[in-house]
Structures are given as C-alpha cells and as structure tokens.
Amino acid sequence: MHELPKLDNLCASITDKLNSGVLLLDLDLKVVMWNQFLDVHANRKLAQVSGESIFTVFPELPQRWFERKVAGVVQLDTPSFCSWEQRHHLFKLPHTRPITTGSEYMAQNCTFLPIKQNNEIRHICILIEDVTDVCYYQTMLKATMEDLALSNRIDGLTQIYNRKHWEECLSQEFARARRYKHDLSLIMFDLDHFKSLNDTYGHQGGDQVLIELAKNITSLLRLGDIFGRYGGEEFAIILPETNLEGAAELAERLRTSINNMNIEFQDKIIKTSVSIGVAQLTFDDKRYEDLITTTDLALYQAKTLGRNQFCIAEGNSTSINL
C-alpha cells in the first residue's frame with residue numbers, strides 16, 4: 001500500500017481534474033504535494049516547491065494565524081474552514097474570470113483537513129475553492145440592496161432625507177425625548193414665493209434653488225441634526241437635545257444664510273428667502289404629529305407677517321432675545 005506522500009497514478013489523475021486546489025503539507029508546514037490547479041494558478045510546478053515551507057512558497061500568508069489554524073485542526077482532529085467573507089483570499093492566486101472585481105486574486109473558500117496515517121495525524125490537506133464569481137455577485141447584490149435601502153430614505157433631488165424617513169426619525173426622537181425628559185425642538189421652513197420663482201426661471205431653475213439650499217443648510221447643521229424635505233419647497237429639521245433658544249438661534253442663522261445666497265442659473269443670479277417656524281416639545285404634545293402641527297402653524301404665521309423671518313410657536317417661551 002502506498003503512503004500518502006506517494007499518491008498513485010489514479011489519485012493523481014483525480015486530483016488533477018479537480019477545479020479546486022489540493023495542497024498537502026506535513027506537520028512542519030512544508031509542501032508535500034499539490035495538484036495541477038495549483039501548478040497553473042501559482043505558476044510553479046510541484047517539483048519546484050516540494051519540501052519548501054509554505055511561508056516561503058506563499059510569503060503573503062498570515063503566518064501566526066495560519067499556524068494557529070493548523071494547530072487547532074491537529075489538536076482537535078477535526079476539519080476547519082475559512083470563507084472568502086472572513087478573508088477574501090489566503091493564497092495570492094490570480095483569478096481568470098472575465099469580470100471586474102476589487103482584487104486581482106481569486107476569492108477563496110479554504111478547508112483544512114487532518115490526514116491520518118496509522119491512526120496518527122501526519123499531514124494537513126488544504127482544499128482551495130475558487131469562489132470569485134460568488135464573491136463578485138454577492139458583493140454586487142449587497143451594494144444594490146444598500147443603494148435600494150438608501151433610495152428609500154433619500155430625496156432624489158436634494159439628497160437629504162425624504163419625508164417618510166424623516167418622520168420615522170422624528171417619531172423615534174419624540175419618544176426618546178418624552179421618555180427621558182430631554183429637550184427636542186423642531187424647525188420647519190418654506191421657500192418664499194417659490195411659484196413665482198418657478199414661473200420666472202422654469203422648473204429647472206426651481207430645482208437648482210432647492211439643491212443649493214439643501215447643501216447650504218446641511219453645512220450649517222450639527223452631526224446629530226436630522227434634515228429632511230417635508231414637501232415640494234418645505235423642509236424640516238429635527239434638533240435633538242436642543243431647547244427653544246438654541247433652535248431660534250439656528251433659525252436666524254438659516255434665514256440669514258439663505259437670504260444671502262446667490263444661486264447661479266443660466267448666467268443669472270437667483271435670490272430667495274424663507275419663512276421659518278420654530279417649536280419645542282411640550283407636555284401637551286402627545287404625538288409627534290402634534291409637534292409638526294405646532295411648528296407648521298408658526299411657519300405660516302411667519303408668512304402672514306411678511307415672510308423672510310422666523311416665528312416661535314404659541315405656547316412656547318417668548319422670552320428669547322437674539
């Protein structure tokens with residue numbers, strides 16, 4: 001009977017037809033044999049590497065990790081597995097797929113098998129499966145799903161949160177503020193005379209104003225503030241951990257910044273302004289919709305009083321000096 005290192009012609013014929021790598025190491029981690037798959041992809045013949053340390057043949061291997069992996073297989077006398085999702089590849093073997101991937105090397109699933117002789121583990125066999133296609137298509141699917149999830153939250157024109165997601169955020173912040181008795185304020189604002197602007201510059205001009213306004217406002221907000229497009233030309237900002245005075249100060253900064261904007265469109269400069277409503281969560285607000293209604297009423301009060309200003313909701317503190 002042949003010993004494992006001296007595989008007969010039948011076994012060699014089988015392993016050489018596999019579309020996976022078969023690598024046999026001794027317990028000193030020296031190469032005993034490999035199949036034709038590795039001849040091709042490593043671009044070296046077995047005779048060139050036989051007896052060499054695996055770390056000499058593949059210096060890119062994470063040595064300490066690899067040694068621990070093999071030691072576990074030997075001590076537990078059980079197979080072990082490393083997927084491409086854990087490590088994209090162990091061995092730098094170029095893939096031959098006619099697809100664009102993030103790596104020039106094939107993605108690999110590697111299985112470590114203890115091989116016994118006379119009831120004693122003498123070798124470790126590593127099976128190397130090329131899963132480049134699986135990796136590529138799963139990565140593409142994940143990216144597509146992330147894009148889809150993002151598109152469900154983001155307004156396509158302004159690239160800020162859409163109304164649905166913004167309201168979900170408000171619902172969460174509202175519940176948190178009531179539970180822990182934290183400050184929570186809301187700002188809602190509306191572009192003044194937006195219909196006239198669209199009539200003058202067309203919808204493309206109007207869209208340009210909305211885009212530039214969203215960029216401007218985003219640059220003025222804190223990381224934790226939640227900015228969304230509530231309606232056509234109406235926007236809203238959730239201000240966690242913010243009292244009425246802080247919200248009013250921000251409202252005035254927003255109003256001033258927007259009023260000073262010069263928006264270029266087809267060699268023309270478009271000027272615009274906003275009317276702003278400001279409100280803070282009170283104990284009278286039982287639902288987040290109550291806070292929206294209160295803030296929206298303050299916004300329309302600002303419009304009624306002549307636009308290009310902010311108003312604080314009735315029932316909130318009025319002793320604010322800016």
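Me: How many bridges join S4 and strand S5, and in which sense do they pair?

Reply: In this predicted model, S4 pairs with strand S5 (residues 120-130) in the antiparallel sense, over 10 bridges. To see one of these bridges, look at threonine 111, whose partner in S5 is leucine 127.

Me: Which other strand pairs with strand S4 (residues 108-117)?

Reply: Strand S3 (residues 80-82) does, in the antiparallel sense and over 3 bridges. Here serine 80 has phenylalanine 112 of S4 as its bridge partner. Phe112 also turns up among the rings: ring pairs link it with Phe55, Trp65 and Phe66 into a cluster.

Me: How is a pair of aromatic rings described?

Reply: By two values, the distance of the centres and the angle of the planes. The structure holds 10 aromatic pairs. One of them, tyrosine 136 with tyrosine 137, is edge-to-face, with 5.0 Å centre to centre and 75 degrees between the planes. Tyrosine 137 is exposed, at a relative accessible area of 52%. Phenylalanine 189 and phenylalanine 235 form a stacked pair, with 5.5 Å between centres and 15 degrees between the planes.

Me: Why does the pair of phenylalanine 189 and phenylalanine 235 tie together parts that are apart in sequence?

Reply: Because phenylalanine 189 lies in strand S6 and phenylalanine 235 in strand S8, the pair joins parts 46 residues apart in sequence.

Me: Where do nonpolar side chains tend to be in soluble globular proteins?

Reply: They tend to be buried together. In this model, the largest nonpolar core has 31 residues, and those with the most contacts inside it include Ile187, Phe189 and Ile276. Elements giving two or more residues to this core include strand S6 (184-191), helix H8 (194-220) and strand S8 (234-240). Apart from it lies another core, of 28 residues, among them Leu25, Val57, Trp65 and Phe91.

Me: What does isoleucine 187 touch, not counting residues up to four places away in sequence?

Reply: Among its contacts are Phe235, Ile237, Leu250, Leu254, Ile276 and Val278.

Key. Residues are numbered from 1 along each chain as its sequence is written. This is a predicted model: local features need pLDDT of at least 70, side-chain atom pairs count only at pLDDT 80 or more; totals for chains, interfaces and linings use all residues. Side-chain values use heavy atoms; hydrogens and water are left out. A nonpolar core is a set of buried Ala, Val, Leu, Ile, Met, Phe, Trp, Tyr and Cys residues joined through side-chain atoms within 4.5 Å. Buried means under 20% relative accessible area, exposed over 50%, partly exposed in between (1.4 Å probe, protein chains only). Helices (H or I, at least four residues) and strands (E, at least two) are DSSP runs, numbered from the N terminus. Contact means heavy atoms within 4.5 Å. Rings of Phe, Tyr and Trp (its six-membered ring) pair if their centres lie within 6.5 Å; planes under 30 degrees apart count as stacked, over 60 as edge-to-face and the rest as tilted. Two strands pair if DSSP finds at least two bridges between them.
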